[in-house]
Amino acid sequence: MVRMRRLRVNEEMRSLVRETSLQKSDLVYPVFVIEGKNIKNPVDSMPGIYQYSIDRLGEELKRAAESGISAVLVFGIPEHKDDTGSEAYNAEGVTQRAVRYMKEKFPKLLVIADVCLCEYTSHGHCGLVCNGEILNDETLGLLAKMSVSLAKAGADMIAPSDMMDGRVEYIRKALDKEGFCNTAIMAYSAKFASGYYSPFRDAAHSAPAFGDRRTYQMDPANGKEAVRECKYDIEEGADIVMVKPALAYLDVVKEVSRQVECPIAVYNVSGEYSMVKAAAQNGWIDEKRIVMENMLAMKRAGAKIIITYHAIEIAGWLDGQEKLKAKEQ
């Protein structure tokens with residue numbers, strides 16, 4: 001007689017047959033860096049998340065490093081914005097200086113640099129704009145300039161999030177031409193036009209001044225198209241592909257994992273984070289249990305890398321589990 005419960009009788013048995021596991025090395029922690037001095041601004045819509053000036057960034061990086069998190073994804077918030085997002089590729093821009101600081105003070109930390117113009121443009125769109133149209137090909141050169149400037153600053157990995165067609169190939173060629181053939185590209189390949197991004201736009205000051213991003217980010221109704229996006233980015237030179245957001249798109253993650261062989265990342269985005277935090281603060285859910293369940297769902301669907309604002313908390317919970325096991329033994 002089949003009794004599936006035989007393999008669930010106690011924690012030791014469940015651990016023995018567990019199919020999916022979560023490790024600190026799976027996690028990437030996003031950080032927001034802003035111009036100025038002695039700044040630690042709370043992001044009201046993202047409890048526990050702050051914007052840091054470079055002189056205070058070390059506080060958060062130290063917390064991440066001590067927790068065992070080995071990778072961060074950096075977003076810069078410039079003081080000056082213009083139509084061409086010139087601070088995005090300024091060698092002395094806030095993001096470039098932040099990357100140099102990270103590599104100097106925390107040399108073992110893997111620094112992933114987001115590449116997009118939305119935080120740097122006065123109109124808040126991810127590409128150049130002409131008569132209300134977001135221009136694709138004219139934007140590619142600026143994304144490549146930004147990528148090279150961040151690689152020169154010390155970024156270990158470039159993460160283009162703009163969703164312009166052909167940008168991975170353009171960036172790869174630019175990096176290789178400048179001698180950065182070992183700088184990896186993690187492409188936001190299947191990035192959906194999602195309502196889950198709202199808190200991030202508060203954190204990064206990147207809301208579009210007009211319209212929306214549906215002409216370049218993906219339609220949430222499409223799954224097969226997401227697989228095509230990932231395959232095209234791999235052909236163009238992406239080392240890692242990403243599906244964003246995570247929770248509402250785990251079917252996409254699963255399908256991509258079936259059809260591609262490179263590592264897959266997911267972004268557990270701001271709206272997903274904030275919903276959990278709000279429910280936990282109201283006492284409606286067990287935060288730790290829900291977060292860990294969400295993480296395992298992402299891993300089970302096929303993600304190798306999880307970008308999440310919960311990363312430092314998760315690292316602490318994983319440490320607690322290990323200490324409990326050691327104590328029981």
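Modeller: Let us start with strand β1, where eight of the eight residues are buried, so the strand is largely enclosed by the rest of the structure. Buried means under 20% relative accessible area, exposed means over 50%, and partly exposed lies in between, with a 1.4 Å probe and protein chains only. Helices (H or I, at least four residues) and strands (E, at least two) are DSSP runs, numbered from the N terminus.

Biologist: Before we go on, what should I know about the model and its numbering?

Modeller: This is a predicted model, in which local features need pLDDT of at least 70 and side-chain atom pairs count only at pLDDT 80 or more, while totals for chains, interfaces and linings use all residues. Residues are numbered from 1 along each chain as its sequence is written, and side-chain values use heavy atoms, with hydrogens and water left out.

Biologist: Which residues of β1 lie on one side and which on the other?

Modeller: On one side are Leu 27, Tyr 29, Val 31 and Val 33, on the other are Val 28, Pro 30, Phe 32 and Ile 34, and as all of these are buried, both faces of β1 are covered.

Biologist: Let us turn to charges. What is the idea of a salt bridge, and how many are there here?

Modeller: Side chains of opposite charge can pair when their charged atoms come close. The rule asks for a side-chain nitrogen of Lys or Arg within 4 Å of a carboxyl oxygen of Asp or Glu, and by this rule the count comes to 19 salt bridges. One of them joins Asp 26 to Lys 299, with the closest N and O atoms 2.9 Å apart. This pair links distant parts of the chain, since Asp 26 is in the loop between α1 and β1 while Lys 299 is in helix α10 (residues 287-301), 273 residues apart.

Biologist: Are Asp 26 and Lys 299 buried or exposed?

Modeller: Both Asp 26 and Lys 299 are buried. Asp 26 also forms a salt bridge with Lys 304, at 2.8 Å from N to O. Asp 26 counts as buried because its relative accessibility is 1%, whereas Lys 304, at 41%, counts as partly exposed.

Biologist: Where would I find a salt bridge within a helix?

Modeller: Look at Arg 56 and Glu 59, whose side chains meet in a salt bridge (2.7 Å, N to O). Both lie in helix α2, residues 54-67, and are three residues apart, about one turn of the helix. Arg 56 is partly exposed, with a relative accessible area of 22%, and Glu 59 is partly exposed as well, with 37%.

Biologist: Which three residues are linked in a network of salt bridges?

Modeller: They are Glu 11, Arg 14 and Arg 18.

Biologist: Finally, how does burial look in a loop, for example at Phe 192?

Modeller: Phe 192 is placed in the loop between β9 and α6 (198-204), and Phe 192 counts as buried because its relative accessibility is 0%. In helix α1, by contrast, we find Leu 16, which counts as exposed because its relative accessibility is 69%.
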